[in-house]
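The chain itself comes first, and my entries follow.

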Amino acid sequence: MKINIKSMLSVRCIEIVRQILVKHDIPYVGVELGSVETMEDVSPSQLESFRQSLVEFELDIVSDSQEVLIEKIKNVIIDMIFKDDESALSINFSDYLEGK
């Protein structure tokens, strides 16, 4: 199950989300900026307690498809800015977005 998370902007946020997943006994495959991939479906009650823990760190679960797209674009921008690859900054931004 993929869970999209709003306002994940740094490596620190990734670590916080990992700690919250462990705290709520939610097995996961991976955590990256903006999303978590769990090993199995998460129950609604477990998802709600996970969401409440996220809110304590000013993070939240995103379910609206338009918000998911906005978060993905924000994460691509962050990745582009902080990436060590200079070639990412030399191409047209819309082309870079399209490639992602």
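**Entry 1: the sheet.** I began with the pairing of E1 and E4, two antiparallel strands that three bridges join; I count two strands as paired if DSSP finds at least two bridges between them. The helices (H or I, at least four residues) and strands (E, at least two) in my notes are DSSP runs, numbered from the N terminus. Before going further I noted that this is a predicted model, in which local features need pLDDT of at least 70 and side-chain atom pairs count only at pLDDT 80 or more, while totals for chains, interfaces and linings use all residues. Residues are numbered from 1 along each chain as its sequence is written, and side-chain values use heavy atoms, with hydrogens and water left out.

On the E4 side, I found asparagine 4 standing opposite valine 62. In E3, asparagine 4 has serine 35 as its bridge partner, and isoleucine 3 has valine 36. Strand E1, residues 2-6, and strand E3, residues 35-38, are antiparallel and joined by three bridges. Strand E2, residues 28-32, is also antiparallel to E3, with four bridges joining them, and there I saw valine 31 opposite valine 36. The hairpin of E2 and E3 has two residues between the strands, and its glycine 34 takes a positive phi near 95°.

Which order do the four strands take in the sheet? I read the order as E2-E3-E1-E4, in an open sheet with antiparallel pairing. E2 and strand E4 (60-62) are the edge strands, since each pairs on one side only. Ignoring direction, neighbouring strands of this sheet are turned by 30° against each other on average; the axes behind such angles are lines fitted to C-alpha atoms, for helices over the stretch in contact, and the angles run from 0 to 180 degrees between N-to-C directions. As a reminder to myself, strands of a sheet pair through backbone hydrogen bonds, either parallel or antiparallel.

**Entry 2: helices across the sheet.** I then looked at helix H2, residues 44-55, which lies across E1 and E4 and runs at about 125° to E4. Helix H3, residues 65-82, also lies across E1 and E4, and I noted its angle to E1 as about 70°. Over the whole chain there are five helices and four strands, and from the N terminus on the elements run β-α-β-β-α-β-α-α-α.

**Entry 3: two residues.** Is serine 53 buried or exposed? Serine 53 sits in helix H2, and it counts as buried because its relative accessibility is 6%, where buried means under 20% relative accessible area, exposed over 50%, and partly exposed in between (1.4 Å probe, protein chains only). Leaving aside neighbours within four places in sequence, I found serine 53 in contact (heavy atoms within 4.5 Å) with Ile20, Lys23 and His24.

Lysine 100, in the segment after helix H5 (93-99), is exposed, because its relative accessible area is 54%. From C-alpha to C-alpha, lysine 100 and methionine 1 are 21 Å apart in space, although 99 residues apart in sequence.

**Entry 4: the largest pocket.** I looked up the largest pocket, which has a volume of about 320 Å³. On a 1 Å grid over the protein atoms alone, a pocket is an open set of points with protein on both sides within 12 Å along at least five of seven lines, whereas a cavity is a set where a 1.4 Å probe fits but cannot get out; lining residues have an atom within 4 Å of a point. Grid points are joined across faces, edges and corners, and a volume is the space filled by probe spheres set on the points.

This pocket is lined by 16 residues, with Leu33, Glu71, Lys72, Asn75 and Val76 nearest its centre. E1 and H3 are the elements that give two or more residues to the lining, and H3 gives the most, with seven.

**Entry 5: the whole chain.** Finally, I noted that buried residues make up 31% of the 100 residues.
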